[in-house]
Amino acid sequence: MTTESLSTSATRSAAEATPKARSAFRFNGGSLTLGLYLFFLVLPIYWLVVMSLKTNAEINSGMTLWPREITFDNYRTIFTDPSWYSGYINSLTYVVMNTVISITLALPAAYAFSRYRFLGDKHLFFWLLSNRMAPPAIFALPFFNLYSAIGLFDTPLAVALAHCLFNVPLAVWILEGFMSGVPREIDETAYLDGYSFPRFFVRIFTPIIANGIGVTAFFCFMFSWVELLLARTLTTVNAKPIAATMTRTVSAAGMDWGLLAAAGVLTLIPGALVIWFVRNYIAKGFALGRV
Amino acid sequence: MDKPQNNRAWFLVLPVLAIVAFSAVIPLMTVVNYSVQDTFGNNQFFWNGTGWFRELLDPTTDLGGRVRDSLWRNLLFSAIILTIQVPLGIAVALAMPREGWKVAATLVVMAMPLLVPWNVVGTIWQVFARGDIGLLGYTVNRLGIDYNYVADPLAAWVTIIVMDVWHWTSLVALLCYAGLKSIPDAYYQAARIDGASRWAVFRFIQLPKMRRVLIIAVLLRFMDSFMIYTEPFVVTGGGPGNSTTFLSIELVKLALGQFDLGKAAAMSIVYNLIILAVCWVFYTVMTNLDVERRRPPADA
C-alpha cells in the first residue's frame with residue numbers, strides 16, 4: 001500500500017471509524033447466517049416437543065405443524081408406569097454417584113497437577129487424557145466380565161464406577177484448568193498464616209474455585225447422563241437406565257412415537273435447567289479446561 | 001517452568017490413580033489376555049499367539065475386510081464432518097453478537113444441542129427425518145426427492161452427517177467465539193485505519209487469534225467422531241446393510257453380538273493404539289499451546 005492511499009483511506013475512515021468500529025468484525029450477511037443456523041438448531045427440538053404432545057393417532061394420520069389437540073397422556077404414562085420412571089431413577093442414581101466420586105477424587109489430584117511438578121506427572125496427565133478419549137466400545141466386554149465377576153452387575157454402582165473411566169480424567173483436566181488460573185500467592189500466604197493443607201483446601205481454596213467445581217460437576221453429570229453403551233451393557237433389569245429403556249419402545253401396535261418423544265423431552269430437562277448458568281463455560285468444559 | 005518440585009504430590013494423585021487403574025488397567029489386561037487366545041466355550045482357552053492380529057490386519061479375510069471397511073467409513077465420516085463443521089463454525093462465530101442481551105440468548109440456543117443426551121440426539125433425528133412422521137423427511141419427499149434413510153445408504157449417510165453437524169458445530173463455533181473475544185478492539189481500529197479489507201482482517205487478525213482454539217476444536221471433533229457409537233446406532237443401527245457401521249459399532253457387534261472374544265479383543269487393541277497415537281498429538285499440541293499462553297484465563 002502506498003503512502004498516498006494510506007493517508008487518504010486514513011482520513012476517510014477516521015470519520016466513520018468511531019461509530020462503525022464495532023461492526024468491523026462483522027461477517028457479511030452475518031445475521032442471516034446466524035439466524036438460519038439457530039433456526040436449524042431449534043427446529044428438530046421443536047419437532048420432538050410437538051410430537052410428545054400429540055396422540056399417536058394424530059402422529060400417524062398425517063403432517064401437522066402443531067398438535068391439533070394437546071395431550072399429556074404420553075407424560076402421564078411415563079410418570080405412572082414403573083418400567084419408565086424407574087429408568088429415570090436408575091439413571092439419576094448412578095449419575096449422581098458418579099459425579100460425587102469423580103469430583104471428590106479429582107479435586108486433590110487436580111491441585112497436585114496445577115501446583116507441583118513430580119515424578120512422572122506429565123506421563124500421568126497424558127495417561128488420564130487417553131482414558132477420556134478411549135472409545136467405550138473397547139471397554140464394554142471387559143467391564144461386563146469384570147463387574148459380573150465381582151458381583152456388581154446390574155447395580156447402579158457398577159455403572160457409576162464404569163463411568164469413572166472417562167469422568168475422573170475429565171474432572172481432573174477441567175479442574176486443573178480452573179486451578180491454574182488462581183495465583184499461587186494465595187496458597188503461599190495461607191501457609192504462612194499457619195493454615196494446614198486440608199484446612200486451606202477446604203476453607204480457602206474450594207470457595208475460590210467454586211465456579212470451576214460447579215462447571216466440572218455439570219460436565220461429569222452430563223457425560224454420565226448421555227452415555228448409553230456402557231450403561232446398557234452393565235445393566236439388565238434392576239438398574240436399567242432411561243437411555244436403554246428408550247431403545248425398546250416397539251410394542252405390538254408398532255412404534256409408540258409419542259411416548260418415545262415424551263421420554264426424550266424429559267431427558268433434556270437437566271441440561272435445560274442449568275444451561276443459563278453454564279452458558280459461558282460450555283467451550284471451556286468441552287475443551288477440558290484449555291480455553 | 002516455575003512450579004516447585006514436590007514428590008509428595010503423589011499422595012494427592014493416588015486416589016485418582018487407584019480408580020482409573022481399576023476402570024482402565026484391569027479391563028485392558030483382560031483384553032490383552034483374550035487377544036492372544038482362542039476359546040471353544042466352557043472357559044477353556046488355547047494359546048493363539050498373534051493369530052487374531054494377523055487375521056485382523058489382512059484385508060482378504062472376512063474379519064480383516066470388515067475392520068478395514070469400517071475404518072475407511074469412519075475416516076471418511078470424520079473427514080466430511082470436519083470439512084463442514086470447521087468453516088461453518090467459524091462463520092457462525094464471526095456472526096455472533098458481541099454484546100447486549102443477544103449474546104446470552106445466542107449462547108443458550110447454541111449450547112442446546114450439546115447438552116442433549118446422545119441417544120436422544122438419535123431419537124430426535126429419527127422422528128425428524130422419517131418420511132412418514134418427520135418434518136424433514138416429509139418435506140424432502142414432498143419436494144419430489146426420494147429420501148428414505150432406512151433403505152438408501154446415501155440418505156443414511158446424509159442424515160447422520162446432518163445430525164452430527166447439528167449436534168457439534170456449536171462446539172466449534174463457541175470455541176472460535178472464545179478466541180475472537182480475546183482480540184482487543186484496537187486491532188480492528190488499526191486495521192480500519194490501514195484500510196484493510198474484510199478478508200485481510202479475517203486472514204491476518206482473526207484467524208491467527210483463533211489458531212489455538214481451532215486446533216483444539218479439530219482434534220476434539222476428530223477424536224469424538226472417531227469413536228462415535230450412540231447416535232448412528234440409534235438412527236440407522238449401522239445399516240442399511242453395513243453402510244453406516246463405524247469402528248465402534250463393528251467392535252460392539254463382534255464383542256457383545258457374537259461374543260467373539262479373541263477377535264474383538266484384538267480389534268480393541270488396534271483401535272486403542274490408533275486412539276493413543278492421535279491422543280498423543282493432541283496432548284503435545286495442547287501443552288505447547290499452554291506454554292504459549294500462560295496467562296490467567298479471562299472469565300467469559
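## Basis of the report

Local features need pLDDT of at least 70 and side-chain atom pairs count only at pLDDT 80 or more, while totals for chains, interfaces and linings use all residues of this predicted model. Residues are numbered from 1 along each chain as its sequence is written, and chains are lettered from A and ligands numbered from 1 in the order in which they are written.

## Chain A

Chain A contains 16 helices and two strands. These elements are DSSP runs, numbered from the N terminus: helices are H or I with at least four residues, and strands are E with at least two. Of the 291 residues in chain A, 46% are buried. A residue is buried if 20 or more other C-beta atoms lie within 10 Å of its own, exposed if 12 or fewer, and partly exposed in between, with C-beta atoms placed from the backbone.

Two residues are in contact if their C-beta atoms, placed from the backbone, lie within 7 Å. Among the contacts in chain A with a separation of 6 or more, 79% join residues 24 or more positions apart.

## Helix α7 of chain A

Helix α7 of chain A spans residues 136-149. This helix has 14 residues and reaches 19 Å from its first C-alpha to its last, close to the expected 20 Å; the expected span is 1.5 Å times one less than the number of residues. A kink of about 35° in α7(A) is centred on A:Pro142, where the bend is the angle between axes fitted to the seven residues ending there and the seven starting there.

Ten of the 14 residues of α7(A) are buried, so the helix is largely enclosed by the rest of the structure. Among these buried residues are A:Phe139, A:Pro142 and A:Tyr147.

## Residues with positive phi

After α7(A) comes A:Gly151, with a positive phi near 75°. A:Asp154, in the loop between α7 and α8 (156-179) of chain A, has a positive phi near 65° although this residue is not a glycine. A:Asp154 is partly exposed, with 16 other C-beta atoms within 10 Å.

A:Leu288, in the segment after α16 (282-286) of chain A, is also not a glycine and has a positive phi of about 55°. A:Leu288 is buried, with 24 other C-beta atoms within 10 Å.

## The contact between the chains

Chain A gives 89 residues to the contact and chain B gives 87 residues. On the side of chain A that touches chain B, helix α2 (residues 30-52) gives the most, with 14 residues. That side has 70 nonpolar, 15 polar and four charged residues. Here Ala, Val, Leu, Ile, Met, Phe, Trp, Tyr, Cys and Pro count as nonpolar, Asp, Glu, Lys and Arg as charged, and the others, Gly among them, as polar.

## Helix α7 of chain A against helix α1 of chain B

Two packed helices are described by the angle between their axes and the distance between the axes. The axes of α7(A) and helix α1 (residues 10-35) of chain B come within 9 Å and cross at roughly 100°. Axes are lines fitted to C-alpha atoms, for helices over the stretch in contact, and angles run from 0 to 180 degrees between N-to-C directions. The two helices are therefore roughly perpendicular to each other, since angles under 35 degrees count as roughly parallel, over 145 as roughly antiparallel, 65 to 115 as roughly perpendicular and the rest as oblique.

Residues of α7(A), including A:Phe139, A:Pro142 and A:Leu146, meet residues of α1(B), including B:Ile26 and B:Val31. The residues of this contact divide into eight nonpolar, two polar and no charged.
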